[in-house]
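Good morning, and thank you for making time for this presentation.

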Amino acid sequence: MSQSSAMPVSDAASPRIPVQPIGLRMRLAHRVARYAPARRHAMRNDRPLVSFSFDDIPVSAAATGARMLEEAGVRGTFFVATSLFGRSTDHWRVAEADSVAALARRGHEIGLHTHAHVPVVALDAAAFHSDMGECRRILSDLVPGRLLQNFAYPYGYASLVHRAILGLQARSSRTTHPGVNAGRIDLHYLCSILLDRSMRNPADIDALIERTIRQNGWLIFTTHDVDNPPSPYGCTPAILEHALDAVRRRGVRIATIGEALDLIGAPKAPHA
């Protein structure tokens, strides 16, 4: 979910995803993590890059979103919170576990998004280690032999403590802080752009791609559902199609987050 607001719950009979209010503590922790000193990686890519990532994996992301990427000959990164399988919000139903396994078989990258899907600032170090261990265990059973090395912060919010922990457990960590990654970057505070229904103006997408080209940067698009109409946190198929077409017309390489990390010369993942 984006950092703009909490996600309301559904009154459907399926298990509910609880509301997580976006409070001052979370915002402050995120800001400190953004500006605190961190080891930075100098990007070494020889051409600009774009990645498409999906958080929480609504059914429409696993079906429509994945299919659209596959038809374009590319793959995406799907960040999975393992306690959400089959659960519902007012906006979507989360895909079942077998959909995650199917995505991996078709070449998509599966990423870590915690087990409980709570803001990291709500978890102390021990609880975070435990939660991440459960997420890894479940995903390792679903996608045996796959690298589970990249993380997305639930609700997009980082913290200084958790950024440091992830530096020992993951290769990268993605936020929803808006921006293009370029130059010297913090691998555990990757910026991304929310590809949501507010991006209905194609010129906004085009401008982001042009900026990425000028900076020889790495643009990460983040969304949730891909539907008509979309939720406040997702996009229409037309928006995703325009983004895919615009990137390909300009000759920009589309890569999963794991592939892009290889292309920018990022260190391999530490032992988890």
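Let me begin with a term: a residue counts as exposed when its relative accessible area is over 50%, as buried when that area is under 20%, and as partly exposed in between. Lys268 has a relative accessible area of 62% and is therefore exposed. Please keep in mind throughout that this is a predicted model.

Side chains of opposite charge can pair when their charged atoms come close. The structure holds 11 salt bridges, and I shall discuss some of them. The side chain of Lys268 meets that of Asp262 in a salt bridge, at 3.1 Å from N to O. Asp262 has a relative accessible area of 42%, so this residue counts as partly exposed.

Where does the salt bridge partner of Asp186 lie? The partner is Arg163, with a distance of 3.2 Å from N to O. Arg163 belongs to helix H5, whereas Asp186 sits in the loop between strand S7, residues 184-185, and strand S8, residues 193-194; the pair therefore ties together parts that are 23 residues apart in sequence. Are these two residues buried or exposed? Asp186 is buried, because its relative accessible area is 8%. Arg163 is likewise buried, at 8% relative accessibility.

A further salt bridge joins Glu134 to Arg137, whose closest N and O atoms are 2.8 Å apart. Both residues lie in helix H4, 3 residues apart, which is about one turn of the helix. Glu134 counts as partly exposed because its relative accessibility is 26%, and Arg137 is partly exposed as well, with a relative accessible area of 43%. Together with Asp141, Glu134 and Arg137 are linked in a network of salt bridges.

Helix H4 brings me to the second topic, helix packing. Two packed helices are described by the angle between their axes and the distance between the axes. Helix H4, residues 125-142, packs against helix H5, residues 160-169, at an angle of about 40°, and their axes are 11 Å apart. H4 and H5 are therefore oblique to each other. The crossing in which H4 passes H5 is right-handed. Which residues make this contact? From H4 they are Ala125, Phe128, His129, Met132 and Arg136, and from H5 they are His162, Ile165, Leu166 and Gln169. Sorted by class, this contact has 5 nonpolar, 3 polar and 1 charged residues.

The second pair consists of helix H6, residues 202-215, and helix H7, residues 237-249. Their axes come within 10 Å and cross at roughly 35°. H6 also passes H7 in a right-handed crossing. H6 contributes Pro202, Ile205, Asp206 and Ile209 to the contact, while H7 contributes Ile239, His242, Ala243, Ala246, Val247 and Arg249. By class, there are 7 nonpolar, 1 polar and 2 charged residues in the contact of H6 with H7.

I shall close with a residue from another helix. Val32 lies in helix H1, residues 24-35. Its relative accessibility is 44%, so Val32 counts as partly exposed. Thank you for your attention.

Methods
Residues numbered from 1 in each chain as written. Predicted model: local features only at pLDDT ≥ 70, side-chain atom pairs only at ≥ 80, totals over all residues. Heavy atoms only, no water. Axes fitted to C-alpha atoms, helices over the stretch in contact; angles between N-to-C directions. Helix = DSSP H or I, 4+ residues; strand = E, 2+ residues; numbered from the N terminus. Parallel < 35°, antiparallel > 145°, perpendicular 65-115°, else oblique. Left-handed = near helix turned anticlockwise from the far one by under 90°. Contact = heavy atoms within 4.5 Å. Nonpolar A, V, L, I, M, F, W, Y, C, P; charged D, E, K, R; others polar. Buried < 20%, exposed > 50% of the residue type's maximum accessible area, 1.4 Å probe, protein only. Salt bridge = Lys/Arg side-chain N within 4 Å of Asp/Glu carboxyl O.
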